[in-house]
Amino acid sequence: GRATFAGLHVDTAGTGYKLRFGKNRGGFQEAESQPFSIAVGPAVMLDLERAPQVATEAPGQPGYPLAVQPWVSVLDAGGNLVFGGGETVNAELWLDGKQANTLEVALWEQPFRL
């Protein structure tokens, strides 16, 4: 007979993956695939990992840096961090439904945190 599978997928980028097949109650020699790699895909979403917090020494006063700086991760469709590639991320400050300021940051060649 032949066992067929549908819907197998790998969500995390990496190298050296192998698929191993066997019978759940033993009795068969296992079959294993050759190693394969899954690459990081194109950037498709942002994830706010750490929310900003105002400065405790001057809460609500302008001109003070945020006490906790935000972390924004740039991710592919599988949730993998995307590095570099000439991408940029904007941080926009909004007040009363109007954009007040924008900061553009280039995506790094290492884990990206804005």
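This report describes the pockets, aromatic contacts and salt bridges of a predicted model.

## Basis of the model

In this predicted model, local features require pLDDT of at least 70 and side-chain atom pairs count only at pLDDT 80 or more, whereas totals for chains, interfaces and linings use all residues. Residues are numbered from 1 along each chain as its sequence is written, and side-chain values use heavy atoms, with hydrogens and water left out.

## Pockets

Rolling a probe the size of a water molecule over the atoms shows where empty space is left. The search uses a 1 Å grid over the protein atoms alone and a 1.4 Å probe; a pocket is an open set of points with protein on both sides within 12 Å along at least five of seven lines, in contrast to a cavity, where the probe fits but cannot get out, and lining residues have an atom within 4 Å of a point. Grid points are joined across faces, edges and corners, and a volume is the space filled by probe spheres set on the points.

The largest pocket holds about 300 Å³ of space. Ten residues line the largest pocket, and the closest to its centre are Leu66, Ala91, Glu92, Leu93 and Leu103. Strand 7 (88-95) and strand 8 (98-106) are the elements that give two or more residues to this lining; strands are DSSP runs of E with at least two residues, numbered from the N terminus. The lining of the largest pocket comprises six nonpolar, three polar and one charged residue, where Ala, Val, Leu, Ile, Met, Phe, Trp, Tyr, Cys and Pro count as nonpolar, Asp, Glu, Lys and Arg as charged, and the others, Gly among them, as polar.

The second largest pocket holds about 210 Å³. Its lining includes Val54, Ala55, Pro59, Gly60, Tyr64, Leu66 and Gln69. By class, that lining has eight nonpolar, four polar and no charged residues.

## Aromatic contacts

The model has two aromatic pairs, counted where ring centres of Phe, Tyr or Trp (its six-membered ring) lie within 6.5 Å, with planes under 30 degrees apart termed stacked, over 60 edge-to-face and the rest tilted. One of them joins phenylalanine 5 and phenylalanine 21, whose centres are 5.4 Å apart and whose planes stand at 45°, so the pair is tilted. Phenylalanine 5 lies in the segment before strand 1 (14-17) and phenylalanine 21 in strand 2 (residues 20-21), so the contact ties together parts 16 residues apart in sequence. With 54% relative accessibility phenylalanine 5 is exposed, while phenylalanine 21, at 32%, is partly exposed (buried is under 20%, exposed over 50%, partly exposed in between; 1.4 Å probe, protein chains only).

Lysine 23 lies over the face of phenylalanine 28, at 5.3 Å from the ring centre; the criterion is NZ of Lys or CZ of Arg within 6 Å of the ring centre and within 35 degrees of the ring normal.

## Salt bridges

Three salt bridges are found, each a side-chain nitrogen of Lys or Arg within 4 Å of a carboxyl oxygen of Asp or Glu. Lys18, Arg20, Glu30 and Glu32 are linked in a network of salt bridges.

Lysine 18 pairs with glutamate 32 at 3.2 Å between the closest N and O atoms. Lysine 18 lies in the loop between strand 1 and strand 2 and glutamate 32 in strand 3 (residues 31-32), so parts 14 residues apart in sequence are tied together. Arginine 20 meets glutamate 30 at 3.7 Å, N to O, and glutamate 32 at 2.5 Å, N to O. Arginine 20 is exposed at 57%, as is glutamate 30 at 53%; glutamate 32 is partly exposed at 38%.

Terms used
Helices (H or I, at least four residues) and strands (E, at least two) are DSSP runs, numbered from the N terminus.
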